[in-house]
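Biologist: Before we discuss any labels, could you show me the model, so that I can ask what stands behind each term?

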Amino acid sequence: MTAVRSGAIGVIGAGAVGQGVAMLLAAGGWCESVRVVSRTGLSARALVTDLEDMCQVTGSPVRAVHTTSPRELASCEAVVVCPRAEFVNTNRTDVRMAGLNANAPVIAALARALVHYQGLVVMVTNPVDIMARLFAEVSRCARVYGVGSNTDSARYRLTLARLLDVPAEAVEGHVIGEHGDRAVVCASATRVNGRPADVPVGRVRRELADRPSRINTGLGRTRCGPAGAVIAALRAGLGLEDRVVELSVNHENRWLGIPLRFTAGTPTVCLPRLDAAETRQLFVAAARLRAAYQPLAGLYAPAHPSKKEKTAVTRTATRIATATQAATVTSNSTVVTDWALRYFGPWWNATSTAPGPDAPVHADVNPDKVTEITQRVADRPHEETVYANTGMLIRRDSDGTVFAAQPGDKTAYKAEPGGPLHIYGCEDVPVSLAAARLAREVVRGRLLADGWSILHASAVVRDEQAVLTLGDKGAGKTTVGLLLARAGWHLLANDRVFIRPEAGRLRVLPWPSAAAIGLGLLDALGWYDQVRERVQRGEQLHPTQHQKVTDALHSGSRTPLWKESGKELKPQFFPDQLHSWLGLTLATEGHAARVLFPRIIPGAEAALLDEERTVRDADVFTAGTEDRYPDVFGFLPAGTTSTEPLCERLGELPRHVFGLGYDVKANTDLLSRIVGA
């Protein structure tokens with residue numbers, strides 16, 4: 001038997017699941033005792049007697065103890081809650097929701113008996129997601145988990161393994177959200193033998209619905225599967241085993257089943273990446289559970305008398321400005337406005353200011369608004385687009401109001417004609433990211449209306465003279481900019497610049513953004529080791545960075561990483577980190593003096609090419625060519641401006657076409673000769 005490693009575990013309810021849990025605990029040998037309590041006491045005494053017989057036969061050191069009241073479980077390390085009220089379940093669908101009103105008073109009474117309980121609580125009673133929340137809010141216990149999604153996930157892996165004729169161990173996949181018929185099958189993130197799988201979702205759903213029916217028909221109640229899920233939750237939550245378990249918890253103010261990675265008893269959320277349809281399903285599940293819970297909250301979980309009235313939220317604001325245009329961001333979170341200061345400060349002018357109603361961007365942490373707007377958009381006819389690499393759902397009302405949601409980022413938006421843009425999110429960081437992007441879009445629209453254009457270019461500046469590097473993706477714009485910045489020039493931008501004719505010259509402004517630098521280039525420029533050291537110390541790069549990149553930096557891998565689409569995954573630097581981490585000096589503006597057209601040629605020597613290249617319409621971003629930030633909220637001026645005059649002006653500047661190889665010194669020497677001419 002396993003050596004005793006835990007204290008007493010309490011089991012409330014001696015029905016089918018309670019019996020299974022108590023038996024597994026007694027047979028497992030890793031807890032000191034199992035204390036059983038039931039509504040009448042008769043079934044609890046009978047179960048304890050039966051457990052005593054089993055422990056004697058098997059030599060288990062676990063003691064089985066009958067207790068008469070849930071209050072006697074207060075000294076246990078964990079309590080399993082699995083009673084079932086007397087009711088007849090006539091539901092043919094949403095079977096687990098049928099016990100909502102019957103089980104709620106039972107769970108609320110148990111929660112009051114264990115108010116402020118300090119141990120681990122594992123909820124089994126259905127509907128488990130709602131009962132877990134009810135117990136947590138009435139008892140005010142800090143660690144309450146509901147099982148259900150763990151059983152669903154196990155059934156999913158078994159089902160998919162049989163359908164694909166592979167071992168169950170080869171399947172990596174989760175079922176999350178609401179336990180039962182409306183659970184979210186994470187098909188898009190499922191892997192079989194480490195590779196994406198073609199999941200027959202319809203067949204899987206039918207089997208997931210049929211399995212518990214087959215068990216109930218033959219045995220009357222499911223017992224072994226849920227009991228096993230309870231044991232997994234107990235061992236993980238008590239720190240006896242590090243593993244991932246799908247449990248219902250309060251995450252971002254929503255009680256849903258999600259995967260938790262337990263390390264020494266401490267959980268970390270590890271949600272899989274969902275596609276647009278799965279994300280919508282998750283939001284619908286959250287809204288449905290919230291709606292079902294609200295009547296119970298009024299009956300059983302009133303506001304605690306000791307809870308003080310919340311004071312009004314203090315709003316803060318950051319003003320960002322460049323050239324003659326500006327925009328202000330206000331928020332109920334200082335993280336958002338501090339983020340704007342950090343993000344825009346190195347390239348534009350960013351200052352703290354007093355919040356005012358006329359600010360064009362209001363960005364708040366408000367999960368309720370996210371749910372409300374996402375449902376409003378998803379449940380009605382809507383458009384779909386991709387904004388900043390994330391799917392966005394858009395609905396335009398007849399009065400011109402635009403509602404939008406990015407379920408993958410858990411953000412939502414509302415923009416009334418002539419009014420400010422409201423951004424809502426469930427957490428500080430996604431709201432900060434969205435506020436920075438859209439505040440920049442507000443300023444962008446005002447700059448474009450004032451005669452500015454946007455070039456797809458990197459830029460460096462010395463003595464106010466700007467060198468622009470243009471080219472298609474992969475041509476080497478970032479490489480040239482960083483090589484020159486490393487050689488003493490000031491970095492103005494790594495991907496885009498604003499440009500406008502002024503007083504006979506072409507004035508250039510930066511486009512504030514995170515800087516993406518590939519692992520190979522980072523290594524070639526001699527920056528890899530210092531970046532890795534900072535990451536290993538716990539310092540954070542920009543949160544849009546893919547986890548694979550972070551893992552590579554921790555492990556010391558310098559090999560470039562690629563998406564299946566062929567796009568390279570790169571470390572992402574905040575603008576200020578270009579200076580503080582890499583030692584580069586940043587510029588805030590300049591005047592175009594020279595245009596470069598590089599081409600990366602593997603294996604070749606750095607050299608000028610006998611080719612002619614001019615600035616083309618494709619080098620200028622317009623509403624029609626924008627690939628990352630479509631004008632969802634109408635910030636950009638109506639109509640199109642001809643790019644021909646700008647291209648002609650740029651065509652009057654010295655231009656150079658050249659090839660670059662992989663020799664950093666040779667590349668730098670060539671660039672120094674070109675820009676020094």
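**Terms and the values behind them**

Modeller: Leu25 has its place in helix H1 (residues 16-28), where helices (H or I, at least four residues) and strands (E, at least two) are DSSP runs, numbered from the N terminus. This is a predicted model, in which local features need pLDDT of at least 70 and side-chain atom pairs count only at pLDDT 80 or more, while totals for chains, interfaces and linings use all residues. Residues are numbered from 1 along each chain as its sequence is written, and side-chain values use heavy atoms, with hydrogens and water left out.

Biologist: Why is Leu25 called buried?

Modeller: Buried means under 20% relative accessible area, exposed over 50%, and partly exposed in between (1.4 Å probe, protein chains only). Leu25 has a relative accessible area of 0%, so the word buried applies to Leu25.

Biologist: What does Leu25 touch, leaving out residues up to four places away in sequence?

Modeller: With contact taken as heavy atoms within 4.5 Å, Leu25 touches Ile9, Val11, Trp30, Cys31, Val34, Val62, Ile231 and Leu234. Leu25 is also one of the residues that touch the most other members of the largest nonpolar core, which has 85 residues; such a core is a set of buried Ala, Val, Leu, Ile, Met, Phe, Trp, Tyr and Cys residues joined through side-chain atoms within 4.5 Å. A second, separate core has 81 residues, including Val329 and Phe573.

Biologist: Why is Thr469 called buried?

Modeller: Thr469, found in strand E25 (residues 465-470), has a relative accessible area of 1%, and because the limit is under 20%, Thr469 counts as buried. The contacts of Thr469 beyond four places in sequence include His456, Lys477 and Leu596.

Biologist: What makes the buried residues of helix H9 line one face?

Modeller: The buried residues of H9 (residues 334-344) are Val336, Thr337, Trp339, Ala340, Tyr343 and Phe344. Seen down the axis, they fall within an arc of 150°, so they line one face of the helix, the arc being that of the directions from the helix axis to the C-beta atoms.
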